[in-house]
Amino acid sequence: MRPKWTRNVVFCWAVGCTPTNWDGSPELRALRSTTAEHEVPLDVWLLDDAGALAGGLSGRTWAYWLHVDLLWVDGRHRGLGLGSRLLAEAERLARDDRACTRSRLETWGFQAPDFYRKQGYEVVGEVADYPPGVAEFILVKRLE
């Protein structure tokens, strides 16, 4: 028997429905009807004195975790501590407004693993050759 595949599958992870496979996990079932049940975007933007975008952070919160997807500072504003400020503000919002207790992110070896270590993040995993010749690091931090 060949499996039947369905096209146009709609995933509802971030739009308000609960996946049925949660039933097998008491930990995930415990999230139901809490503020941590649904994935919620978290974005922080920083404008310069002229009102132009100087940097930003895009992430999401779910299950009491902040997941940082993107942190960016315009080249003209690098070296001024703005990346640290953006990250700290996202962590503060996640902790104080969304009850997050931890943060996670991924970065490539040629990007910013040392920057994140200086911000208190710890490397918990490394994916070699992703993409070929590059290492991706997974980092986490307790939000206290």
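Me: How many helices and strands does the protein chain have?

Reply: There are three helices and six strands; helices (H or I, at least four residues) and strands (E, at least two) are DSSP runs, numbered from the N terminus. Reading from the N terminus, the order is α-β-β-β-α-β-α-β-β. Keep in mind that this is a predicted model, where local features need pLDDT of at least 70, side-chain atom pairs count only at pLDDT 80 or more, and totals for chains, interfaces and linings use all residues. Residues are numbered from 1 along each chain as its sequence is written, and side-chain values use heavy atoms, with hydrogens and water left out.

Me: In E4, which side chains point to which face?

Reply: In a regular strand, side chains alternate between the two faces of the sheet. Along E4, Ser-103, Leu-105 and Thr-107 point to one face and are buried (under 20% relative accessible area with a 1.4 Å probe, protein chains only; exposed is over 50%, partly exposed in between).

Me: Which residues touch the most other members of the largest nonpolar core?

Reply: In soluble globular proteins, nonpolar side chains tend to be buried together. A nonpolar core is a set of buried Ala, Val, Leu, Ile, Met, Phe, Trp, Tyr and Cys residues joined through side-chain atoms within 4.5 Å. Here the largest one has 24 residues, and Leu-42, Val-44, Leu-57 and Tyr-116 touch the most other members. H2 gives the most to this core, with six residues. Leaving out residues up to four places away in sequence, Val-44 touches Leu-57, Leu-86 and Leu-93, among others; contact means heavy atoms within 4.5 Å.

Me: How much space lies in the largest pocket?

Reply: Rolling a probe the size of a water molecule over the atoms shows where empty space is left. On a 1 Å grid over the protein atoms alone, using a 1.4 Å probe, a pocket is an open set of points with protein on both sides within 12 Å along at least five of seven lines, and lining residues have an atom within 4 Å of a point. The largest pocket holds about 500 Å³, the volume being the space filled by probe spheres set on the points. Of its 22 lining residues, those closest to the centre are Leu-71, Trp-72, Gln-111, Ala-112 and Tyr-116. E3 supplies the largest share of the lining, six residues.
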